[in-house]
Amino acid sequence: QRLVVSYVLDLPFGAGKKFLGSSSGAIGKLVSGWGINGIMTYQRGFPLHLVTAANLTNSFGGGSRPNFDATTCPNGAALDGSAQSQLNKWFETSCFTQPPAFTFGNLARTLADVRADGIANWDFALFKSTTFGSTDNPLALQFRAEFFNLFNTPQFAFPGQVHGTGQFGVVSAQLNNPRLVQFALKFTF
């Protein structure tokens, strides 16, 4: 499930616009030509696919999944709380056990109630375009300030999905970049 919203908006200030439309001279150049654009992305995390470190199936190529113990975890393996509070234990690891030899485990292909971290990202740009010169040979200068991951929201990597290892259920990395800011100046003639 993914939602992406993209937008471009010329702000209604300056010459010929709703606000300060009668501005001229240096003030007119200062208040005219402003705009914003951006991309907002929200996405649900991917399902987790748990496997076991020791493959005791004796199937020569098939893998095994852990057993899920419904008596230990009647409400599933999902934990409450923010992503930051669950980094050392993304899901209830005690719900899972190593299956006996020559069995594949009773866990489904993916966990129904636990997913990896999703995406909540805002990219944003503020720009100012200024035109000058004659109408026959117009010149323009554009300044842009661009913010990637504007709110500095982390997206965490998948937790350890191999039962029987020390990293089982532990998130040890971040997938996205922290906030990045860049500035640009463009002159057209």
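Student: How many bridges pair β6 and β7, and in which sense?
Tutor: β6 and strand β7, residues 138–148, pair over 10 bridges in the antiparallel sense. Two strands count as paired if DSSP finds at least two bridges between them. Before we go on: this is a predicted model, where local features need pLDDT of at least 70, side-chain atom pairs count only at pLDDT 80 or more, and totals for chains, interfaces and linings use all residues. Residues are numbered from 1 along each chain as its sequence is written, and side-chain values use heavy atoms, with hydrogens and water left out.

Student: What do β6 and β7 form?
Tutor: They form a hairpin, with four residues between the two strands. Across that pairing, Lys128 stands opposite Phe143 in β7.

Student: Which strand does β2 join, and over how many bridges?
Tutor: β2, residues 34–43, is joined to β6, residues 119–133, by 10 bridges. These strands run antiparallel. Gly35 has Phe127 of β6 as its bridge partner. Ile39 stands opposite Asp123, again in β6.

Student: What is the strand order of the sheet?
Tutor: The order is β1-β2-β6-β7-β9. That is an open sheet of five strands with antiparallel pairing.

Student: Why do β1 and β9 have one side left without a neighbour?
Tutor: β1 (2–10) and β9 (180–188) stand at the edges and each has a single partner strand, so one side of each has no neighbour in the sheet. From one strand to the next, the twist averages 10 degrees. Those angles run from 0 to 180 degrees between N-to-C directions, using axes fitted to C-alpha atoms.

Student: Where do side chains point in a strand?
Tutor: In a regular strand they alternate between the two faces of the sheet.

Student: What is the radius of gyration of the chain?
Tutor: It is 27 Å, whereas a compact globule of 189 residues would be near 16 Å. The radius is taken over C-alpha atoms, and the globule rule is 2.2 Å times the number of residues to the power 0.38. The C-alpha atoms fill a box of roughly 85 × 35 × 25 Å along the principal axes.

Student: New topic. How many aromatic pairs are there?
Tutor: A search of the whole structure finds nine. Rings of Phe, Tyr and Trp (its six-membered ring) pair if their centres lie within 6.5 Å; planes under 30 degrees apart are stacked, over 60 edge-to-face, and the rest tilted. Take Phe91 and Phe96: their ring centres are 5.8 Å apart and their planes at 90 degrees, so the pair is edge-to-face.

Student: Is Phe91 buried or exposed?
Tutor: Buried, with a relative accessible area of 0%. Buried means under 20%, exposed over 50%, and partly exposed in between, with a 1.4 Å probe and protein chains only. Phe96 also counts as buried, at 4%.

Student: What about Phe91 and Phe168?
Tutor: That pair is edge-to-face too, 5.2 Å centre to centre with 80 degrees between the planes. Phe91 is in the loop between β4 (67–68) and β5 (96–97), and Phe168 in the loop between β8 (162–163) and β9, so the pair ties together parts 77 residues apart in sequence. Phe168 is buried as well.

Student: Which residues form the aromatic cluster?
Tutor: Phe68, Phe91, Phe96 and Phe168 form one cluster.
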